[in-house]
Amino acid sequence: MDDIVVIGVGMIPFGKHQNLSIYDMGRQAIWNAIQDADLDPRKIGHAYVSNSLAGPLQGLENTRGQFVMREAGFSGIGVTNVENACASGTNAFRGACLEVASGASDFALAVGVEKMLIGDNVRTLGAITGAASPLYASLGYQFTAGYAMKIKKYMAKYGLSREDIARVVVKNTYNGSLNPLAYQRTPRTLEEVLSARLVADPLTLYMCCPNSDGAAAAIVCRERTARQLTSRILPRVVACSLGSGRLPGTGDTSISTTTLVARSAYEAASIGPADINFVELHDAMAPAELIEIEELEVCQPGEAAIWLREGVTSLGGKVPVSPSGGLAARGHPVGATGLAQVAELVWQLRGEAGERQVPEAKVGLALNQGGRVDTEEAAAYCVTILKR
Amino acid sequence: MGDNQKAASSDVVYGWSDLFSPDEEGQGPALVGSRCSTCGYIAFPSLQVCPTCLIAGTMSRHVLSRSGKLENFSVVRQAPKGFQAPYIQAFIRLPEGLAIFTHLIGVDPDKDLIEIGTLWHVTAAVIKTRDDGQPLTGYAFAPAREMING
Ligand SMILES: [Zn+2]
């Protein structure tokens, strides 16, 4: 993807939108992106629409994207529906980038929508469980407990305390308190995080991302096309790599799939992990941040908790991690999350992130992952790198 | 396999008849996967194509070890529909190398000491209650000592 740029992004605040349907939310995010791009919407040639749970939760089993686009005023253009569980958003973004890179369209839109707060938590929980493999789902696999096991193993490996993992939430809820689009805007203290209700040991309530409603969108095109329209900063998409979790015992199991996908993204971008100067993570359970920045090779094995303690990953540190607040603070409307990550990278690179602005933001990476295959690995991993 | 649609209304978990043998060769219940005759790869649930050789037709039915060591677990305190919290979600590592996702039964997550590395034994168990109130059967692992004591 040589010369693909993001010309506009849009989002609605994540949280509880009792009176908005997925169509209302999609329309608002799409038009926010169109206005941000200052683009004649007739130039958009194709839309990639991501959503994960509207089947089980809203009864919309097929062609959801066409209905979302129709409500936003678009009919006739090609629409591709994208479902990859919690990684759907960046997968839609990847589709839009490839759409314009191939020359099939001059401008492509990616939009993610999700409505999870339907007033029936048990039903929402059941729908999320459906993102696991059919056997895991029928055995009641819980993503919280899956993360809990992985984090327990990591804590034992490096001798980390409960304070070490709780500190991630303190950092991310502080970042989230500066983000007007985040769902949870209350900064939490170490004591509050540790004394909150246990969800799945060692994870407490504030470590887990809240289910949420929301939508986010991005419009991409070739750089030379955009340059004819605007002189603003245009973040370049230097990589958007996608991989799937591997079956146990296949390939080199000493390397995680996150690492493999990240390496392919670094190679595509002709950069190394040391060039990344801020990161948005898929911290569905906040402490997973420690594992993820190591798997991305942004820090050395065992270094993540030290970085956190020393403020390296705080706003103003050398490599701020999840300046938006991440999933635990921003909320996690699953099909929309990946595009919210893309929007955050764009705002940071354009220097428009307000109080949570990363100084000197030049190269940002987003890790988005979703689902579960018959292993401890996710089904889909997507690593996106944007550069100014 | 292929009975994903039926799983919701069935009284057994997904793929049950292929993955569980109630009394394999008269020696009690066992999980059933498949094994590659070329490289020895073992899959559970079973696969029809070996993912390491990527050659069709090398996989055949393979009965797994009945006991394995507890590798990792977490107590689920917020349960999806039909499941009764708290329950214990775990991975059991079998001697042949693969890890099995399972519930642990026969222990109280709030009272009993559950230790990594201890031996657990496979059995059939009621996993959840269906929408119509009937039980849904799947497999689970119980402490191996309780199996010996009956
Ligand atoms: Zn083989």
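This is a tour of selected sites in a predicted model, stop by stop.

Residues are numbered from 1 along each chain as its sequence is written, while chains are lettered from A and ligands numbered from 1 in the order in which they are written. Because the model is predicted, local features need pLDDT of at least 70 and side-chain atom pairs count only at pLDDT 80 or more, whereas totals for chains, interfaces and linings use all residues; side-chain values use heavy atoms, with hydrogens and water left out.

**Zinc site, chain B**

Select the zinc ion. Its donors (N, O and S atoms within 2.8 Å of the metal, or 3.2 Å for Na, K and Ca; water is not among the atoms, so sites may look incomplete) are the SG atoms of B:Cys36, B:Cys39, B:Cys50 and B:Cys53, at 2.2 to 2.3 Å. The angles among the four donor atoms run from 103 to 116°, and the site is tetrahedral (for four donors, all angles between 85 and 135 degrees). Along the sequence, the donor residues follow the spacing C-x2-C-x10-C-x2-C.

B:Cys36 is buried at 0%, and B:Cys39 is partly exposed at 40%.

Next, select B:His103, in strand 7 (residues 99–104) of chain B. Helices (H or I, at least four residues) and strands (E, at least two) are DSSP runs, numbered from the N terminus. B:His103 is buried, with a relative accessible area of 6%. A polar atom of the B:His103 side chain lies 2.4 Å from the backbone oxygen of A:Leu139. Show the contacts (heavy atoms within 4.5 Å) of B:His103, leaving aside neighbours within four places in sequence: they are A:Leu139, B:Phe83, B:Tyr87, B:Ile88, B:Ile127, B:Ala140 and B:Phe141.

**Aromatic residues**

Over all chains, the structure holds nine aromatic pairs. Rings of Phe, Tyr and Trp (its six-membered ring) pair if their centres lie within 6.5 Å; planes under 30 degrees apart count as stacked, over 60 as edge-to-face and the rest as tilted. Select A:Tyr154 and A:Tyr158: the ring centres are 5.1 Å apart and the planes at 65°, so this pair is edge-to-face. Both residues belong to helix 7 (residues 143–158) of chain A, and being four residues apart they are separated by about one helical turn. An α-helix has 3.6 residues a turn, so residues three or four places apart point the same way. A:Tyr154 is buried at 9%, while A:Tyr158 is partly exposed at 29%.

Then select A:Tyr136, A:Tyr141, A:Phe143, B:Phe91 and B:Phe101, which form one aromatic cluster.

Two charges over rings come next (NZ of Lys or CZ of Arg within 6 Å of the ring centre and within 35 degrees of the ring normal). A:Lys152 lies over the face of B:Phe73, 3.8 Å from the ring centre. In chain A, the charged end of A:Arg188 sits over the ring of A:Tyr206, at 4.0 Å from its centre.

**Helix 5, chain A**

Select helix 5 (residues 121–129) of chain A, whose buried residues are A:Thr124, A:Leu125, A:Ala127, A:Ile128 and A:Thr129. These buried residues pack against helix 2 (54–58), helix 6 (134–138) and helix 7 of chain A.

**Backbone geometry**

Most residues other than glycine have a negative phi, and most peptide bonds are trans.

- A:Asp201 to A:Pro202 is a cis peptide bond, with omega near 10°; A:Pro202 lies in the loop between strand 5 (198–200) and strand 6 (203–204) of chain A.
- B:Ala85 and B:Pro86 are also joined by a cis peptide bond, with omega about -5°; B:Pro86 is in the loop between strand 5 (67–76) and strand 6 (87–93) of chain B.
- A:Ser322 has a positive phi near 55°, sits in the loop between helix 13 (304–310) and helix 14 (326–330) of chain A, and is buried at 0%.
- B:Glu25 has a positive phi of about 50°, lies in the loop between strand 1 (20–21) and strand 2 (30–36) of chain B, and is exposed at 69%.

**Last stop: B:Val126**

Finish at B:Val126, in strand 8 (residues 119–129) of chain B. B:Val126 is exposed, at 55% relative accessibility. Not counting residues up to four places away in sequence, B:Val126 touches B:Pro135, B:Leu136 and B:Thr137.

How values were computed
Buried < 20%, exposed > 50% of the residue type's maximum accessible area, 1.4 Å probe, protein only. Polar contact = N/O pair within 3.5 Å; in protein donor to acceptor, adjacent residues only side chain to side chain. Tetrahedral: all angles 85-135°; square planar, octahedral: opposite > 155°, others 65-115°.
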